[in-house]
Amino acid sequence: MIYKQRLIMKTFCGRANPTTGAMEWLEEDENYDYHQEIARSRYADMLHDKDRNMKYYQGIRAAVSRVKERGEKAIVLDIGTGTGLLSMMAASAGADFCYAVEVFKPMANAAVKIVEKNGFCDKIKVINKHSTEVTVGPDGDMQCRANILVTELFDTELIGEGALPTYEHAHKYLVQEGCEAVPHRATVYVQLVESKRMWSWNKLFPVCVEAEDGEKIVVSPSEMENCPGVPSVCDIQLNQMPSSDFTVLSDVVTMFSVDFSKPVRSASTYYRVQLEPVKSGKAQIVLSWWDIDMDPSGTINCTMAPYWVKSTSAFQWRDHWMQCVYFLPSEEPVLQGEKVYLTACRDEYSVWYKLQKARGEDNKADVCVESPVCRCQAHLLWNRPRFGELNDQNRTRQYIKSLMNVLRTDSVCLCISDGSLLPVLAHYLGAKQVFTLENSAVSRSVMEKFFKANHLEDKIKILEARPESLTSSHLEDKKISVLVGEPFFTTSLLPWHNLYFWYARTAVCKHLASNVTVLPQSASLHMMIVEFQDLWRIRSPCGICEGFDVRTMDDMIKSSLDFRESKEAEPHPLWEYPCKSLSDPLEVLIFDFRETVPQHCLSTEGSVNLLRKGKSHGAVLWMEYHLTADISVSTGLMQISNEKQDSYLGFESPKDASSVDKGTNERMRADYLHVCEGKALHRRVFFAVVWVLGYVSSDMHPGDWTSSFSPSSGFCSSAAA
Ligand code: SAH
Ligand code: ZN
């Protein structure tokens, strides 16, 4: 008898649950990584980018013609073929053969299917390799070198996805000298601006506290003031930034160009331009974007220029290419007409900037070989939205007001949040003693520096413990009378992950006085059904793209979206993505921090009443924290405006949602969500968007929803289509 033995491989991934703080082991599908990557990928957005696709097609047609006119065979190398789109364009344009290289296995498989479905099997060979592994020769991946090089390897920063080393290698080994390249050239543009709003994402502003014994100013350590920050690019939808939020200090200038038809050098280098400020002000930010010319003459141009630069015609919304915000290492006053020098430094993958008053200020050798590295650690602890949140004066005022309400002269205060200013506020507002629990080495170190800079090192005690291992001796045998948290934890990705505060509060229960005040006293989860002006594109099927059937890709994304984890909400900074409400905001669940985490599940369900016609693209979810009975802060919706505006720019008018009660049409309202705080627009507000409809389709509508909170795994929410 033969025993068949099956070897079963299981992948277990350990991860900390951000809500409960507990470590969990989950069995994972072998394609686990792929699903997430595909579900959250930019492929759909690229396929919806009509402007990009059209121009690539024009550029490819022109390049194939030029080669044919020379009497040569057109051999195309398409690096990073994705769905195979650009190769299919080339084949349709008359190319003799295309080598379509794609490193990401699931995509290469999809490309094979798509190429076959569209009837290009004999013209396109899909090669599942990184381009630098591709071989040329009779037995190689490619029979011969190509004379047309087509790629789309650009990110918002142009070079962040490795375009330069890929081109460098391709010119050396994969294409002929004098080849045609589509795009032919890329150009990076910059503009110097002053912007309190954007600067607030990178530096901590002084905080003013009106204490009993006079005004106190909380300042940052000088190390923080002069820190160059982190090298990761800050890419945003600059078109959502109102012109009142920044002051232009210079004209738009060309920083550098790359000609893709010639050998490309990826080694670190720098570029320098002279700027004549058009206005005096504080130079803080370099705004940057790029364009690509699809042909040598520059007549087929695809640009990321923002609204104040570009003519309004042919505006194309896209999320896969945005604009960059670069923070200068420190702010520099500049005078109108007084020339300054702006230097762009780059390595293979990233760009950073420096501003100088005079050309010879430093010698060439040390111009900027090193990419910016955070020395103060605050930039490691606080990401940019978090900086913005800490700098939000309105928000700080709410915390100050509520602390003043609850603090007594004999208050013993414990703060549980990562890198929060609450302990400082509590001290200045008269707490007798303040402890702060800092979980990570980074937050401990930043808070130490912070307290030192404000001469509070012996006033506030940093506790190096996890909530569950806190002992009475940590607290000098005192009972906590006021427990505070913003709450904010660096491990939180989605709004309700900060409910970790509730678990921490439960874990420190035995150290709390019987009459303890917990601030916030409660939190609530809110939801609203919305129609997005544009964001729907990133998760919407494409069908036919420039005449090519890409439904295989649509199906692949759909199945990845159906995979467990992808069903979770996605965080999006919604101020960048205009939407209008189709329902009133609903309070979905309340979490009472005055009590410990309950043993049972909290759950609620209901149905959403749609108030107006529209496409229900998703539900946005956000948390509100009720600091005291009458002071709350919202991390989401700030304000609903009543502008009577019903159509979107460049967006077909919404189809009827069949669930809309006809009776409600009379009171149809156009509620535009203002997801920024008041007029000041200080911060990047994070909503979470749950794609209740899964893969967005135009004629679906939300029905019932359920939300539940389980003590072991935290919160989850779902809505049925
Ligand atoms: N060409 C497609 C997809 C562009 S996205 C389109 O225009 O619609 C870029 C793709 O290039 C990704 O799928 C990525 O996996 C792939 N890629 C990036 N660098 C690569 C390289 N050096 N070799 C092979 N594939 C690469
Ligand atoms: Zn720093």
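At 64% relative accessibility, D477 counts as exposed, where exposed means a relative accessible area over 50%, buried under 20% and partly exposed in between (1.4 Å probe, protein chains only). The place of this residue is the loop between β22 and β23, and D477 has a positive phi of about 60° although it is not a glycine. The structure described here is a predicted model, in which local features need pLDDT of at least 70 and side-chain atom pairs count only at pLDDT 80 or more, whereas totals for chains, interfaces and linings use all residues. Residues are numbered from 1 along each chain as its sequence is written, chains are lettered from A and ligands numbered from 1 in the order in which they are written, and side-chain values use heavy atoms, with hydrogens and water left out.

**Backbone features in loops**

H455 also has a positive phi, of about 55°, although it is not a glycine. H455 lies in the loop between α13 (441-453) and β22 (460-463); helices (H or I, at least four residues) and strands (E, at least two) are DSSP runs, numbered from the N terminus. With a relative accessible area of 61%, H455 is exposed.

Two peptide bonds are described as cis. The bond from E486 to P487 is cis, with omega near -15°, and P487 lies in the loop between β23 and α14. The bond from L519 to P520 is cis as well, with omega near 0°; P520 is found in the loop between β24 (512-519) and β25 (522-532).

A further loop residue is N128, placed between β5 (124-127) and β6 (146-151). N128 counts as partly exposed, at 33% relative accessibility.

| Residue | Protein atom | Ligand 1 atom | Distance |
|---|---|---|---|
| G80 | backbone N or O | nitrogen | 2.8 Å |
| E102 | polar side-chain atom | oxygen | 2.6 Å |
| S131 | polar backbone atom | nitrogen | 2.9 Å |

Taken alone, ligand 1 exposes 570 Å², and the protein buries 91% of that; these areas come from the Shrake-Rupley method with a 1.4 Å probe, and for residues only the protein chains shown count as cover.

**Two helices**

Helix α11 (residues 393-406) has 14 residues and reaches 20 Å from its first C-alpha to its last, close to the 20 Å expected at 1.5 Å a residue. The expected span is 1.5 Å times one less than the number of residues. At the start of α11, a side-chain oxygen of D392 reaches to within 3.1 Å of the backbone nitrogen of N394. The buried residues of α11 are R395, T396, Q398, Y399, I400, S402, L403 and V406.

Helix α15 (residues 551-562) has twelve residues and reaches 16 Å from its first C-alpha to its last, close to the 16 Å expected. In α15, the residues T552, M553, D554, M556, I557, S560 and L561 are buried.

**A buried glutamate and the aromatic pairs**

E570 is found in strand β28 (residues 570-573) and is buried, with a relative accessible area of 3%. Its side chain makes a polar contact of 3.0 Å with the side chain of R539, and a polar contact of 2.8 Å joins the side chains of E570 and H572.

Rings of Phe, Tyr and Trp (its six-membered ring) pair if their centres lie within 6.5 Å; planes under 30 degrees apart count as stacked, over 60 as edge-to-face and the rest as tilted. By this rule the count comes to 20 aromatic pairs. F489 and Y500 form an edge-to-face pair, 4.9 Å centre to centre with 90° between the planes. F489 lies in the loop between β23 (480-484) and α14 (500-507) and Y500 in helix α14, so the pair ties together parts that are eleven residues apart in sequence. Both F489 and Y500 are buried. Elsewhere, ring pairs link F154, Y167, F260, W290 and W321 into a cluster.

Methods
A polar contact is a pair of N or O atoms within 3.5 Å; within protein, one must be able to donate a hydrogen and the other to accept it, and residues adjacent in sequence count only if both atoms are side-chain atoms.
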